[in-house]
There are 2 protein chains.
Amino acid sequence: MLNPQSDLILVAGGAGFIGSHLCRALLDQGHSVVCLDNLQTGRAQNLEGLSSDPRFEFIEADVVAPLPASVTERTARFRRIYNLACAASPPQYQADPEHTMLTNVVGSHHLLRLAEASSARFLLSSTSEVYGDPEVHPQREGYRGWVNCTGPRACYDEGKRAAEAMAFDYARLGRAEVRVARIFNTYGPQMHPDDGRVVSNLICQALSGREITIYGDGSQTRSFCYVSDMVDGLMRLMESETVGLDPVNLGNPVELTVSELLAEVLDLTGSRAPIVHMPLPIDDPRRRRPDIDRATALLGWQPRVGLRDGLERTCAWFARELAETTPQRVPA
Amino acid sequence: MLNPQSDLILVAGGAGFIGSHLCRALLDQGHSVVCLDNLQTGRAQNLEGLSSDPRFEFIEADVVAPLPASVTERTARFRRIYNLACAASPPQYQADPEHTMLTNVVGSHHLLRLAEASSARFLLSSTSEVYGDPEVHPQREGYRGWVNCTGPRACYDEGKRAAEAMAFDYARLGRAEVRVARIFNTYGPQMHPDDGRVVSNLICQALSGREITIYGDGSQTRSFCYVSDMVDGLMRLMESETVGLDPVNLGNPVELTVSELLAEVLDLTGSRAPIVHMPLPIDDPRRRRPDIDRATALLGWQPRVGLRDGLERTCAWFARELAETTPQRVPA
């Protein structure tokens with residue numbers, strides 16, 4: 001058990017979508033949380049509900065740079081280090097691919113060194129993108145993936161694969177206790193409205209009455225996990241003692257096409273916005289669904305929030321967001 | 001054309017096996033060469049024939065660290081940057097997996113930044129290991145590979161894949177002209193006697209009369225390229241104007257089993273050393289053969305030194321090496 005008076009949990013990327021929910025959940029369990037974020041894609045407003053908590057501390061810093069003294073001077077107090085630091089949607093991580101690669105490799109390196117020095121347990125948030133455009137379905141952790149290491153998604157996909165490699169080397173050498181979560185598509189409140197991901201795109205476009213963009217013919221599939229389920233999985237994985245030298249898929253195995261998702265969103269929002277089709281991006285995966293047998297067996301975990309329920313909560317949050325940031329339109 | 005009075009070629013890893021041959025060939029063409037090496041696996045004796053050349057300069061430095069002032073103060077003079085810096089045999093690159101990963105990612109990053117600042121062309125020595133244990137045969141450049149990103153070879157394989165990703169991002173963004181060579185097994189004089197690779201292992205064991213170690217049953221295949229052919233390929237690739245955003249395989253497509261290689265070595269050395277079989281290492285590829293159609297089409301390149309010829313030259317070199325370093329045995 002951690003002692004909230006003396007022990008600290010570091011959440012790198014804690015101002016991001018999943019990171020901020022994780023910080024909230026850790027605080028709710030009574031922990032003291034240090035959130036590190038460069039606010040590149042994480043947002044200060046995600047921290048609004050956290051900053052008033054005396055056990056919460058925010059440090060603006062980039063994990064690519066050496067860790068700030070405000071972290072290193074308390075090295076001995078860290079017990080858990082969650083690394084969620086990296087832009088995670090293609091338009092965002094492709095905007096500066098060099099920084100994306102360094103965030104994953106050099107950032108993970110800095111945090112692994114901290115974990116070693118503090119004897120903290122380290123959790124890497126990896127990604128279903130390590131499977132690339134998968135040839136097998138669903139994806140088990142033993143599948144080695146189909147990633148184009150020379151393409152425009154490689155800065156993220158290969159950066160995460162490299163970070164996994166380094167994390168497991170630390171574990172093999174006994175330098176740190178390591179957990180690796182391969183996170184599949186996740187959605188919920190506090191998603192970035194402009195991050196280019198399909199759930200936020202569709203909901204924001206439907207709510208705003210703008211054109212709704214579908215890439216390809218909409219037959220590509222995704223599996224969407226509600227953020228509270230994902231945070232629960234990450235925390236269980238971090239606290240699990242039985243994982244060994246293996247990554248663990250976390251995601252919702254309920255698979256649906258992008259067209260089916262759109263139908264749900266249109267139904268929930270009552271939107272009649274026009275739909276336009278655009279070409280599929282390069283190396284976009286056609287299908288993606290996690291095999292979560294390992295997570296269920298090792299962590300007793302499975303998603304509990306259904307798609308309809310999760311989308312309702314997400315639409316409600318986006319509706320409030322857009323109302324606050326968009327001037328009211330006067331009907332013609 | 002480069003001006004040997006003012007223009008410089010940087011060879012990172014230039015004290016290594018292939019690197020030292022490359023330095024020699026560049027000097028023979030009249031170029032001025034700056035060799036950067038940390039002497040981790042590269043060897044000062046590889047530079048013995050080079051150091052007397054007034055156009056050759058050796059700087060002991062690790063590419064993981066910021067480049068030394070002796071390089072950066074001449075940034076504007078570099079025209080070509082060859083990055084061959086990384087331990088390349090499994091026992092060597094697994095000895096410090098963290099350093100192997102950083103050499104590939106951070107080292108390539110430092111050299112790509114130098115290439116951008118100097119408008120130099122950058123060549124990355126990547127590897128057939130990016131294909132992992134391949135499911136298709138022979139390997140074309142478009143094959144995405146079968147790499148275990150969590151295993152003990154991943155520090156090298158994923159490090160190279162990440163370095164390729166970063167190099168092509170520099171090229172896509174117009175930050176540097178980039179060439180990526182995927183180097184298959186290479187052999188010849190100046191191989192490290194103890195690097196654990198099959199050609200040097202077999203020759204040294206045969207010459208010394210010790211037991212000869214075969215991993216597995218010897219049916220796994222490799223394709224061996226003589227070092228002068230490899231250096232020719234690297235230099236042609238660097239000077240090619242038609243490569244685009246694609247990696248290029250360099251290697252000898254003549255495939256043989258390890259047992260067939262052993263038979264050649266025993267025949268050439270007249271050795272009757274006993275043969276012992278050991279288990280195959282984890283993730284050891286079963287087959288490996290380059291498809292070199294792209295190199296032939298773009299560079300007019302193909303290997304010219306046959307296996308028998310190359311092995312003869314290599315055995316002769318190892319025989320001299322061992323005679324110099326091993327005390328003469330008195331027959332019983």
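The following dialogue concerns a predicted model and the terms used to describe it.

Guide: In this predicted model, local features need pLDDT of at least 70 and side-chain atom pairs count only at pLDDT 80 or more, whereas totals for chains, interfaces and linings use all residues. Residues are numbered from 1 along each chain as its sequence is written, chains are lettered from A and ligands numbered from 1 in the order in which they are written, and side-chain values use heavy atoms, without hydrogens and water.

Visitor: What makes the relation between chain A and chain B that of a two-fold axis?

Guide: Chain A is superposed on chain B by a rotation of 180° with 0.0 Å of shift along the axis, at an RMSD of 0.0 Å. That is the relation of a two-fold axis. The superposition is by least squares on the C-alpha atoms of residues with pLDDT of at least 70 in both copies. The same surface serves both copies, for 100% of the contact residues of chain A recur in chain B; contact means heavy atoms within 4.5 Å.

Visitor: Why does the radius of gyration of chain A agree with that of a compact globule?

Guide: The rule is 2.2 Å times the number of residues to the power 0.38, and the radius is taken over C-alpha atoms. For 332 residues a compact globule would have a radius near 20 Å, and chain A has 19 Å, so the value agrees. The C-alpha trace of chain A spans about 60 × 45 × 40 Å along its principal axes.

Visitor: Why is B:His109 called buried?

Guide: Buried means under 20% relative accessible area, exposed over 50%, and partly exposed in between, with a 1.4 Å probe and protein chains only. B:His109 has a relative accessible area of 10%, and therefore counts as buried. B:His109 lies in helix α4 (residues 97–118) of chain B; helices are DSSP runs of H or I with at least four residues, strands are runs of E with at least two, and both are numbered from the N terminus. Beyond its neighbours within four places in sequence, B:His109 is in contact with A:Glu98, A:Leu102, B:Met166 and B:Tyr170.

Visitor: Why does A:Ala319 count as partly exposed?

Guide: The relative accessibility of A:Ala319 is 33%, so the residue counts as partly exposed. A:Ala319 belongs to helix α10 (residues 307–325) of chain A.

Visitor: How many of the residues of chain A count as buried?

Guide: Of its 332 residues, 59% count as buried. Chain A has ten helices and 13 strands.
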